[in-house]
Amino acid sequence: MKKLTLLVGASLLALSITACGGSDGSAASQDSTASASGAASSEGETAGAKYLSEIKATDYVTLGDYKGVTVDAEKLEVTDAEIEDYINYVLNSKAEVKPVEGRDVVEKEDIANIDYEGKKDGVAFEGGTAKGYDLGIGTGTFIPGFEDALIGVKVGETVDIPLTFPEGYSDELGGQDVIFTVTVNSIGRRVVPELTEELLKEIDPDVSSIDEYKEKLKNDLLESKKESREDTIINELQQIVQNNATFGDKPQAFADRIYDSMISSLEDMAAAYNMEPAQVAQYIYHVTGDNYKDELRKYSDDTIVSAYILIDAIAETEGIEVTDEDVDKDVQEMIAQYGSEVTLEEFKKDKDQYESRREYLTMMKVLDFLRENAVINEK
């Protein structure tokens, strides 16, 4: 069931990345000042509840305004300059290095094919030797002074270049004096092709003219901008609705489950990508140090749990429901999409996974509802 476990975990991570309140403590601040009378009255009833389907979310949060929320958004448009920039990007990916004709001296912006050997105290050091290396002069690929020293060197000529490695470059070489012996084998230039009807057949065989290609690019770029803008709108809606709400205590068993699921998903992703869990935590949640689990616990409680409670409270209030049939259909689609051998019946035996998917689908329905009822102010 590993693959589907990762998928369910990914839904939790998706919520955590886009969850309301961010990681600046705003949710925690609201929690500390909120009245918890509603939550206290139901504490005994839901103390052991692990799933939102077992919790009355409106006992834990007082909703503020969430319909008719105004969000500023950039006007959707694609300029001619953006189209040209994309075409230039594509053409640059098709660039080729061609031999320089009419001169045999290295100049800036040349591609110099070189053999080189670096020595420290007369002894070659590891990683300092290569043959037939193509070096862009002026790209800053090598340490300062190396590329500049090759300007003016002739093809076939061998030169010694005394240099000093920058401090902190490495434990062995940082701040050390070395000598590179370099032979220039040949010089070339990177040539970017022009957009022609012939090249267009290679770039996009589905279009028949450059004008048609530009129109297609315009539509593609517009769709990409639309998707990006929608993500921004949803994130801002979440933040505004979160700020408008007042939170009380959180259901402990549910909060524990969300944190445990976060850690389990993080560890599964780390294993899948052959990384340490702490590295994944830094990449996704921007937390560092040996105490990353403590930081993630606070983040989970203040951000993710609050977001889930908020979303479910809106679902309760608006009668938005995710049925077993909805979850079954979603899981079956996942199984088909990823070619898993897991059956729906097997998946349903793991209640944590099944209810996690219900909660994710509830989140998506509520976010759609917020978006449909938002007022978008195009700037």
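Before you start selecting, note that the model is predicted, with local features needing pLDDT of at least 70 and side-chain atom pairs pLDDT 80 or more, while totals for chains, interfaces and linings use all residues. Residues are numbered from 1 along each chain as its sequence is written, and side-chain values use heavy atoms, leaving out hydrogens and water.

**Stop 1: α9 and α11**

Select residues 252-272 for helix α9 and residues 292-318 for helix α11. Helices here are DSSP runs of H or I with at least four residues, strands are runs of E with at least two, and both are numbered from the N terminus. The two helices pack at an angle of about 120 degrees, and their axes are 9 Å apart. Axes are lines fitted to C-alpha atoms, for helices over the stretch in contact, and angles run from 0 to 180 degrees between N-to-C directions. The pair is therefore oblique; angles under 35 degrees count as roughly parallel, over 145 as roughly antiparallel, 65 to 115 as roughly perpendicular, and the rest as oblique.

Now show side chains. On α9, the residues in contact include F254, I258, M262 and L266; on α11, look for L296, Y299, I304 and Y308, among others. Contact means heavy atoms within 4.5 Å. The residues of this contact divide into 13 nonpolar, two polar and five charged.

**Stop 2: α9 and α14**

F254, R257 and I258 of α9 meet D352, E355, S356 and E359 of α14.

**Stop 3**

Next, select strand β4 (residues 111-120) and strand β5 (residues 123-136), which run antiparallel and are joined by eight bridges. Strands count as paired if DSSP finds at least two bridges between them. Pick K119 and you will find its bridge partner, A124, in β5. Two residues lie between the strands of the hairpin, where D121 takes a positive phi near 55 degrees.

**Stop 4: two loop residues**

Most residues other than glycine have a negative phi. Go to N274, in the loop between α9 and α10 (277-285): its phi is positive, about 55 degrees, although it is not a glycine. N274 counts as exposed, at 73% relative accessibility.

Finish at H286, in the loop between α10 and α11. The phi of H286 is also positive, near 60 degrees, and H286 is exposed, with a relative accessible area of 66%. Exposed means over 50% relative accessible area, buried under 20%, and partly exposed in between, with a 1.4 Å probe and protein chains only.

How values were computed
Ala, Val, Leu, Ile, Met, Phe, Trp, Tyr, Cys and Pro count as nonpolar, Asp, Glu, Lys and Arg as charged, and the others, Gly among them, as polar.
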